[in-house]
Amino acid sequence: MITYYDDRSVQVTSTAIRVDGRTFPLAELSMVWHRRGSRSWRVLAGRGAIGAALAGPLVAALLGVGLAVVLHRSPTVTLAIVGASVLVGLGVGPLADFLFEHLDRSYARGARQWEMWARWRGHPVRLLRTGDALRFGQIYRAVQRAMESAPTPVRQKAIGSSGSSPRPPSRP
């Protein structure tokens, strides 16, 4: 048995897919596809807040320099205001690495809910739902590899490509 993916809630092997304690043998799956949900405004707002946190000190520094020029004070006062503004602008440096890391992780996780569906014993079943796009992609690719390497009867079964999303029949 080959393990293609394994974490605390999902395991994809050459014989079965296990999700949250439920096991789906590959021999019983006739089709696998995915759906992506709508964008999460909460995630997008978080990205905007990180961008504002990055830009805030720089904008404050530029406003301080502009204020020093507009006030027409003595050179000492102008230099002090410009110096303080530059220090505020430089203060974003150590913070920027931390904020860029969070922004990068936000894009890796994605801003949508992702679902993986399969036709199991003739009925559509949702195998997985997650908001983590990176994890979803790893699991979906593992399922593709498992189904491609399965014995001939399963290999002829379909797995939807990234662009297709067959719809299960409506439930009453």
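How many helices and strands does the protein chain have? The protein chain has five helices and eight strands. Helices (H or I, at least four residues) and strands (E, at least two) are DSSP runs, numbered from the N terminus. This is a predicted model: local features need pLDDT of at least 70, side-chain atom pairs count only at pLDDT 80 or more, and totals for chains, interfaces and linings use all residues. Residues are numbered from 1 along each chain as its sequence is written, and side-chain values use heavy atoms, with hydrogens and water left out.

**Overall layout**

- From the N terminus on, the order of elements is β-β-β-β-β-α-α-α-β-β-α-α-β.
- The protein chain has 172 residues, and 33% of them count as buried. Buried means under 20% relative accessible area, exposed over 50%, and partly exposed in between (1.4 Å probe, protein chains only).
- The protein chain exposes about 10,600 Å². Carbon and sulfur atoms supply 61% of that area. Accessible areas come from the Shrake-Rupley method with a 1.4 Å probe; for residues, only the protein chains shown count as cover.
- Take the contacts between residues at least 6 apart in sequence: 60% of them join residues at least 24 apart. Contact means heavy atoms within 4.5 Å.

**Nonpolar cores**

- In soluble globular proteins, nonpolar side chains tend to be buried together.
- A nonpolar core here is a set of buried Ala, Val, Leu, Ile, Met, Phe, Trp, Tyr and Cys residues joined through side-chain atoms within 4.5 Å.
- The largest nonpolar core holds 24 residues. Val12 and Met116 touch the most other members.
- At least two residues of this core come from each of strand 1 (3-6), strand 2 (10-13), strand 3 (16-19), strand 5 (29-39), strand 6 (112-120), strand 7 (123-130) and helix 4 (133-148).
- Helix 4 gives the largest share of this core, seven residues.
- A second, separate core has five residues, including Ile50, Leu54, Ala96 and Leu103.
- Which residues does valine 12 contact, leaving aside its neighbours within four places in sequence? They are Ile2, Thr3, Tyr4, Tyr5, Ile17, Ile139, Ala142, Val143 and Ala146.

**Surface patch**

- Val86, Leu87 and Leu90 form a nonpolar patch on the surface. Together they have about 310 Å² of accessible area.
- Patches are made of residues with over 30% relative accessible area and no salt bridge; like charges are joined within 9 Å, and nonpolar side chains (Val, Leu, Ile, Met, Phe, Trp, Tyr) within 5 Å.
- Valine 86 lies in helix 2 (residues 75-90). Valine 86 counts as partly exposed because its relative accessibility is 41%.

**Hairpin and positive phi values**

- Strand 3 and strand 4 (residues 22-25) run antiparallel and are joined by four bridges. Two strands pair if DSSP finds at least two bridges between them.
- Alanine 16 stands opposite proline 25 in strand 4.
- The hairpin of strand 3 and strand 4 has two residues between the strands. Within this hairpin, aspartate 20 takes a positive phi near 50 degrees.
- Aspartate 20 has a relative accessible area of 60%, so it is exposed.
- Arginine 121 also has a positive phi, about 55 degrees, although it is not a glycine. Arginine 121 lies in the loop between strand 6 and strand 7.

**Salt bridges**

- A salt bridge is a side-chain nitrogen of Lys or Arg within 4 Å of a carboxyl oxygen of Asp or Glu. By this rule the count is five.
- Arginine 121 pairs with glutamate 28; their closest N and O atoms are 3.0 Å apart. The pair links distant parts of the chain, 93 residues apart. Glutamate 28 sits in the loop between strand 4 and strand 5.
- Arginine 121 counts as exposed because its relative accessibility is 54%. Glutamate 28, at 28%, counts as partly exposed.
- Arginine 126 and glutamate 115 meet in a salt bridge (3.4 Å, N to O). Arginine 126 lies in strand 7 and glutamate 115 in strand 6, so the pair ties together parts eleven residues apart in sequence.
- Is glutamate 115 buried or exposed? Glutamate 115 counts as buried, at 12% relative accessibility. Arginine 126 is partly exposed, at 40%.
- Glutamate 148 forms a salt bridge with arginine 141, with the closest N and O atoms 4.0 Å apart. Both partners are partly exposed: glutamate 148 at 46%, arginine 141 at 37%.
- Salt bridges that share partners join Glu115, Arg126 and Arg129 into one network.
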